[in-house]
Amino acid sequence: MVAYNCSNDDDNTNNPTGPDFSGTYVQQDQMGRPAVNTVFVSSGMKDAFNTTIPSQQNAAFQTMFQNNLEALSPAYGNPGDANALGLDAAGFTGLLATDVLNVSLDGTTTFFDGTNVLTGRALADDVITVELLLIFGGEDFTENPGLSDDHVDANDKAFLTSFPYLASPW
């Protein structure tokens, strides 16, 4: 049996003063943009994608992403077809294959707010619906309406107005 407890004894100097970063750490997973890995990385390549540093992901995985996008979405069925960002299949999958969350340093931070797209992420952003719209919605978000919304339009509990902002668990 192992037991742990907390102490408020600030005079005890035998306790570590911070995390122990000795040893070897290996990245196991990454998810800058939720669902991208799940949808666009073929099952046998998920571990390779998750452990590839973002600066090398585009070169290694963009072709796979494009092939999977074109097989999945009729919105990219013809050469020149584009999504609401004006990106064709190659341009869009080039953006997605580098799995990082972009953050605007001088503007609105949002996944999509009707004007700004992929400039960050706010807690209330409907990330999956935005991704579905960009994948299936075509140039003006009107193509394939049955595939372009996850129909989850709000969090199940209200976010807090102060840190930690997330609602308490059920």
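## Gly 32, ahead of α1

Gly 32 lies in the segment before α1, where helices are DSSP runs of H or I of at least four residues, numbered from the N terminus. At a relative accessible area of 16%, Gly 32 is buried, meaning under 20% with a 1.4 Å probe and protein chains only. Setting aside residues up to four places away in sequence, Gly 32 touches Asp 99, Val 100 and Leu 101; contact here is heavy atoms within 4.5 Å.

A word on the model: it is predicted, with local features needing pLDDT of at least 70 and side-chain atom pairs pLDDT 80 or more, while totals for chains, interfaces and linings use all residues. Numbering starts from 1 along each chain as its sequence is written, and side-chain values use heavy atoms, leaving out hydrogens and water.

## α3 and its surroundings

Now to helix α3, residues 54-72. A kink of about 55° is centred on Phe 61, the bend being the angle between axes fitted to the seven residues ending there and the seven starting there. Among the buried residues of α3 are Phe 61, Met 64, Phe 65 and Leu 69. Their cover includes α1 (36-40), α2 (46-51), α4 and α5 (127-136).

## How α3 meets α4

Helix α4 (residues 89-97) packs against α3 at about 130°, with the axes 8 Å apart. The axes are lines fitted to C-alpha atoms over the stretch in contact, and angles run from 0 to 180 degrees between N-to-C directions. The α3 side of the contact includes Phe 61, Phe 65 and Leu 69, and the α4 side includes Phe 92 and Leu 96.

How values were computed. Helices (H or I, at least four residues) and strands (E, at least two) are DSSP runs, numbered from the N terminus. Buried means under 20% relative accessible area, exposed over 50%, partly exposed in between (1.4 Å probe, protein chains only).
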